[in-house]
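Work through the exercises below with the model open. Try each task before reading its solution.

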Amino acid sequence: MAILKFQSARETVIEQILLRRISPPKPETVPLLDSLGRVLAEPVRADRDFPPFSRATRDGFAVRSADLAGLPAQLRLIGQVRAGCAFSGSVGAMECVEIMTGAPVPEGADAVVMIEYTREHEGLIEVQRGVAPGENVVWQGSESLQSGLLLPAGRRIGYGEIAMMAAVGQQMVTVCRQPRVAILPTGDEVVELGVAPGPYQIRNSNSYSLQAQVASLHAIPLPLGIAPDREDRLREMIAQGLQADLLLLSGGVSMGKFDLVEKVLAQLEAEFFFDGVAIQPGRPLVFGRARGTFFFGLPGNPLSTMVTFELFVRPTLALLAGEPAAPLIFLRARLTNQLRRKAGLTAFLPGFLEGGYHNPVVSPVEWKGSGDLPSLNRANCYLVVPEETAEIPAGEWVSVLPR
Ligand code: AMP
Ligand code: MG
């Protein structure tokens, strides 16, 4: 079967989902703050001009900039305007109006001179500095005209989007329905949390990391319980999982005698797009579609499960939730110590990123391989090593994926 390189595996996932996604997600309407983290189903437009009037951005005096050709200039004060009010008259030659931040600039004026550059002198306002036309003013409609597009459909809602919708008075928001994600851990040795593990058994951590990752993307996790390494029961549970919008399996996708996931999926007439990716950790990753539902067979080692989720399931859930495809965003940092390894796989190694704006540095965290969950929790990022690279000298700039 097909083993793809990292980039082409990601492209395959995105292409297949865009091509065969059954239908765009259905909309539902929720109160403004409940929309946080969800995806807009409808665009948000300006209900009026932004700003709705030409707004002063400083405390000072509204003036005609041409009147300040000769300095200092002596202007006649004809009134005052504060935020929330308007000045009813018009500013004429060698006149000014005292103005506060957020107030509308009176007719006739074309700039605001800051209070710091003025003083009262013999009943007049003396201005010591000139201003360019438009200085300290944001003109009506210059940020957006009425009915202009402020947020497109498909936008993930964060605090900026919440502010924008509040600013147009939107108390209810139409968002995309959340994808439901079935989670099916497999393995005869895997036991539930409430059960005391036997000496050779291990607790089911993957189901929980996956539920946490799914929930962090505001999708709905549906944990299905642990499937044994037995074809009949595995088939039943996979069939159940395929009723969700996406099925995530963990374990059972390597070359072992009891790795039955692919075999059982094939019995269910699955189509496989790839069953391996040249990455470390996570090489045995499987991606396909059965009964109209996409599935991932994630490798069972805890770090493999988590990393392959971040690299492949995350973009899948974004698309299924109604967001457009977006590239992964990497940071850059200098490597603290030399790194050596056998080339051939794109690696996402546990790393520790520190330093500030001026000197971001990353060091590899010592790990015992893709089952080493304690090492992940000493790391705060994944250090990316390109496929063909066998050695990176200390001090070199490398890519880092934050975790
Ligand atoms: P597998 O991919 O089934 O060969 O499993 C690889 C390794 O991951 C084995 O050491 C398993 O015991 C471990 N593993 C499999 N499933 C889980 C799980 N749900 N939670 C934690 N570890 C797991
Ligand atoms: Mg297994």
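**Exercise 1. Find the backbone contacts of the ligand.**

Start with Gly300: a polar backbone atom of this residue is 3.1 Å from an oxygen atom of ligand 1. A polar contact is a pair of N or O atoms within 3.5 Å; within protein, one must be able to donate a hydrogen and the other to accept it, and residues adjacent in sequence count only if both atoms are side-chain atoms. Next, take Gly252. A backbone N or O atom there lies 2.8 Å from an oxygen atom of ligand 1. Then go to Asn301, where the corresponding distance is 3.2 Å, again from a backbone N or O atom to a ligand 1 oxygen.

Two ground rules apply. The model is predicted: local features need pLDDT of at least 70, side-chain atom pairs count only at pLDDT 80 or more, and totals for chains, interfaces and linings use all residues. Residues are numbered from 1 along each chain as its sequence is written, chains are lettered from A and ligands numbered from 1 in the order written, and side-chain values use heavy atoms, without hydrogens and water.

**Exercise 2. Describe the shell around ligand 1.**

Count first: 17 residues surround ligand 1 (a heavy atom within 4 Å). Glu189, Ile202, Asn204, Gly252 and Gly300 are the closest. Then sort the shell: four nonpolar, 10 polar and three charged. Gly counts as polar here.

**Exercise 3. Characterise the boundary between domain 1 and domain 2.**

Locate the parts: domain 1 covers 3-26 + 177-320, and domain 2 covers 28-50 + 142-176. These bounds come from an automatic or database domain assignment. Seven residues of each domain are in contact across the boundary (heavy atoms within 4.5 Å). About 540 Å² is buried between them, with 51% from carbon and sulfur atoms; this is the accessible area (1.4 Å probe) lost on joining, summed over both parts. On the domain 1 side, Arg177, Gln178 and His218 supply 62% of the buried area. Finally, check polar pairing: two residue pairs are in polar contact.

Terms used:
Buried area is the accessible area (1.4 Å probe) that two parts lose on being put together, summed over both.
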